[in-house]
Amino acid sequence: MEVFLTLSIVVLALISFIVEWLPVDLTAIAVTVLLMFLGLVTPEQGISGFGNSATITVMAMFILSAGITRTGVIQIIRDRLIKWGGNGINQQLLVMVGLVAPISAFINNTAVIAIFLPIIEDWCKQQKNSPSQFLIPLSYASILGGMITVIGTSTNILAGGISEQLGYGNFHIFQFTSVGLLTFLIGLLYISLIAPKLLPKRESRINSAMENSYDLQEYLSEVVVTNTSSLVGQTLRESEIQRKFDLDVLELVRNKIHLPQPVADKVLKSGDILIIRSTREDLLKIKNERGLDLLPDIKFREQSLETVLSSGEEKIAEVLILSNSRLIGTTLKDLRFRQRYNVTVLAIRRGAELVQGRLGKIKLRFGDLLLVQGPKESFIGLQTTRELLVLEQRDIDNLRTEKAGIAIGITLGVIALAAFKIVPILVSALAGVILMVATGCLKPGEMYGAVRWDVIFLLAGLIPLGIAMENSGATEWLANNLVSVGGHLSGYWVLTFFFIITVLLTEVLSNNATVVLMIPIAVRVAETLQLNPYAFMFAVTLAASCSFMTPIGYQTNTMVYSPGGYKFSDFTRVGFLLTLLMTIAVPSLVILFYGLYPS
């Protein structure tokens, strides 16, 4: 009965992860609550994930990564990228991947992508290249780099914690570096030599006018307040036209002068010109009901729309919704986005799709790219929020570059202490956190803000699920059935089977959820067939990072999806061959370095 209940919860969790009824971290916590409610784990086991060494280590690594980024270490790498990149796309991809992947081996890869996205876009602008030729390779580079060390991704750290729970000890920091380096070289050659033939070359958003890239001309209009208009003598706030008609007033022009923001409390006069974003339907409604006249787009013809919207103290830019954002699943209207950030959303890009009409009612997703306009000072606030990423390079003056050497020294010390087994990685990482704050590389407030709490809660919620599978016998039941079906296969094919299944699962599930489910089963099958359990753990761990074929399988893929203007099929076309190469290479390399049979 317990086996049936546990497997039913696993299936329910998998469905929820795929269809996203709830955010994945909340799903994981809900699963833990259900396990405790049904008595499949004790309350102590249910909350054990919050005190698990893997969870705490991941939290510490987030903070260490923030220390590196806040001190401008990445900007040094950026300068090398520009210097060594050359003019040919093959050389540029080779240099980019060769620089980004090693960084991702030691710094959280989502943080790496967040920093490099505006850098690569600016580089593409200088080189007159399309970002669509570089952003998928950028994501792949961070994934390949994360496979080199145990601290490269939260998945690797979690896998080490599961290994310890199963009695095989935690992973050494360079446990599978030999395999990771060779897979990185395979990926490097593929991305620089073969991928350019498969990557789309789409019209660059950053090399063309914003109005062309986002079709703004279709949704932005100029209207004049007539002397008979009901708006005369009212403020925009009092008129409530922005709420009633689902439109946004971007500019208020009076006597050819752009009035400074905010304009909501300015009393409207006859002859005032409003630049508004709305659908044609709402435009006609407000014209008829409030006495406004449409103007021909004379101003837009004389100069670019981007210039008009960026005049004076105004600015227009793109911002990306990050995975831990509270904006996900809500609408701009519910969020009161304009009031909260003092900027207006002009359009939303979701992959290759443009969303423009009725923006206030669109539920936002992770990876959505928002085109926003507003006062320049508002973008300073946007750059400091951890829910949105402004796709422009930060001013190096805002970074603590004088602390860069200290941050590098602390990180190297953390790695060395763990590598030489002087202390466990958990201890050295926490010591590094203290030193980052004590030396001024990070401020205390930044330390807490650096943690991806959605990942922490996801890990804490998933760990009890693994315990429940062991306690209930579900892991043993699944393993025995797999052995009865595939026990006649050679050890190589059993290992390859687990690699393939893990790769397929990680394309649609969280990679952390995948290792929690697959490692215990793989180990039990290996034990039953008298094969090397370590080889199976390493193969599953590495497979969980081989998510190249969809934009939803790995967070870095989702982050570049909209900025690159990609279609879903672009990832499948470019990623399928790389996945095939990894499927051939990784099991063979794992057997070569670690052996198929216990020593």
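The model is a predicted one, in which local features need pLDDT of at least 70 and side-chain atom pairs count only at pLDDT 80 or more, while totals for chains, interfaces and linings use all residues. Residues are numbered from 1 along each chain as its sequence is written, and side-chain values use heavy atoms, with hydrogens and water left out.

Along its principal axes, the C-alpha trace spans about 90 × 55 × 50 Å. The protein chain contains 30 helices and 10 strands, which are DSSP runs numbered from the N terminus (helices H or I, at least four residues; strands E, at least two). Among the contacts with a separation of 6 or more, 79% join residues 24 or more positions apart, where contact means heavy atoms within 4.5 Å.

Of the 599 residues, 57% count as buried, a term that stands for under 20% relative accessible area, whereas exposed stands for over 50% and partly exposed for what lies in between (1.4 Å probe, protein chains only).

One place to look is P424, found in the loop between α21 (404-419) and α22 (425-438). P424 counts as exposed because its relative accessibility is 53%. The C-alpha atoms of P424 and N170 are separated by 9.1 Å, although these residues are 254 residues apart along the chain.
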